[in-house]
Amino acid sequence: MAVYEQGENSGAPWFMEGVLRDGKRWIIPLDPLPFSVGRMADCNLVLASKSVSRNHADLFLKDAGLWVRDLESRNGTYLNRKRIKGAVPVRGGDILHFGTVEFRIGLKEGSVPENESTATLLKVTDLSNLFQTFESDMRALIEQRAVIPLFQPIVHLADRTRFGYEVTCRGAREGMPTAPEELFGLAAGLGCEAELSRLFWSQGLQVGGKLPDARELFINIHPAELAQPSLAASLGEALAALRNETQDARLTVELSEKAVTDLAVMARFRAELLELGVSLAYDDFGAGQTRLLELVEVPPQFLKFDHALIRDIHHRPRKLFQVVKALVHMAEDLGIACIAEGVECAAEAEACAHAGFPYAQGYYLGRPSQVGFPSQVLPAPDTNRE
């Protein structure tokens, strides 16, 4: 693949423009098309960044215009700071991010498709003031604590009264993604997942502690934080601050069940939490390969069943319902309370109650919000359904 320094020419009408760390600007002709981007050596453009997948994205011609397609990359392809799904058209002047690696799309003058406005064309020497990488934006987001805490209710399925809240955040820095999963995707490429995780839960608890009924708060911990020696002490300080606001406040730490791979590490972490008076929850149970060993060797206080098991549970085969019900009762025998995630309709809530779930959360029961919810959320389900 040919890469041209600013001022040189190639025969390709479409190009990507990048800026290296030393400030030099480079022109990458999109030739030939389709044009592949990734870490693999056989890609047209090979990017060594950890944020880039092996086969990340490709660019191709369609309807006399240029399109970009994300190839199910881990950290995403972004068009003008918005994550794309599948294929979307691009225009001259658009900003593309492959993970955290940034380029701007250019079209050489004199190569104008019928559907392309000449007002969008760029000269190689014209650079946008917005042409900057996500790295500085992510650092500013963390340093300025530019996130907005959200609280989703967890309810007692028996009577629909609120049991507690799951605490999360959304990004609040202009030009950056707002969704947590997209922010953590970018943070993975920059190696700052632990910092972003701590910002989310610490900011969430700072606000959540002031809610009038925040007695049970659930926070998510990224696995990268487990390697930080200060984690347990920080959680202890957070719980003490909560109890200054609400004397009987309780705190639960959520870890993805998929991340629970080292039982020795988890056993030590669980022991530290117990000493602090903090509970442990395994999240996303059933999302992938469900591992029951962790439940026996390092049992949590709560087990959150992934929405993939809960979605349309009332329409699923009877055998699947019986498996879910058996897992709930098995956990109960181990002293673990189960929470159904992703409940989005009355029928799902009733099926979960019938399966023995004591708690649930989901859009039907309350969306994440900056404010509290009424203590009585919805009518109680009919638990006598067979």
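User: Which residue of β7 stands opposite Leu59?

Analyst: Strands of a sheet pair through backbone hydrogen bonds, either parallel or antiparallel. In this predicted model, Leu59 stands opposite Val68 in β7, and Phe60 is placed opposite Trp67 of that strand. Strands (E, at least two residues) and helices (H or I, at least four) are DSSP runs numbered from the N terminus, and two strands pair if DSSP finds at least two bridges between them. Strand β6 (residues 57-62) and strand β7 (residues 65-70) are antiparallel and share six bridges. Together β6 and β7 make a hairpin with two residues between them, where Asp63 in the turn has a positive phi of about 55°.

User: What conventions apply to the numbering and to the confidence of the model?

Analyst: Residues are numbered from 1 along each chain as its sequence is written. The model is predicted, so that local features need pLDDT of at least 70, side-chain atom pairs count only at pLDDT 80 or more, and totals for chains, interfaces and linings use all residues; side-chain values use heavy atoms, without hydrogens and water.

User: Is β7 largely enclosed or open, and how many of its residues are buried?

Analyst: Buried means under 20% relative accessible area, exposed over 50%, and partly exposed in between, with a 1.4 Å probe and protein chains only. Five of the six residues of β7 are buried, so the strand is largely enclosed by the rest of the structure. On the β10 side, four bridges join β7 to β10 in an antiparallel arrangement, with Val68 opposite Val88 in β10.

User: Which strands make up the open sheet, and in what order?

Analyst: The open sheet has five strands in the order β5-β4-β6-β7-β10, with mixed pairing. Its edge strands, β5 (45-46) and β10 (87-90), each pair on one side only.

User: Which strands close into a barrel?

Analyst: Eight strands do so, in the order β13-β14-β15-β16-β17-β18-β19-β20, and the pairing is mixed. Strands β19 (residues 337-340) and β20 (residues 359-360) run parallel and are joined by two bridges; Ile339 stands opposite Tyr359 in β20.

User: How should I read a helix, and which residues of helix α1 are buried?

Analyst: An α-helix has 3.6 residues a turn, so residues three or four places apart point the same way. In helix α1 (residues 134-143), the buried residues are Phe134, Asp137, Met138, Ala140, Leu141 and Ile142. With contact meaning heavy atoms within 4.5 Å, the buried residues of α1 pack against β8 (77-79), β11 (95-98), β13, β14, α2 and α3. Arg145, with a positive phi near 55°, follows α1.

User: What is the volume of the largest pocket, and which residues are closest to its centre?

Analyst: On a 1 Å grid over the protein atoms alone, a pocket is an open set of points where a 1.4 Å probe fits, with protein on both sides within 12 Å along at least five of seven lines; lining residues have an atom within 4 Å of a point. Grid points are joined across faces, edges and corners, and the volume is the space filled by probe spheres set on them. The largest pocket has a volume of about 1600 Å³. Its lining has 41 residues, of which Glu166, Pro180, Glu181, Asn220 and Asp283 are closest to the centre. Elements that give two or more residues to this lining include β13 (147-156), β14 (162-171) and α2 (180-190).
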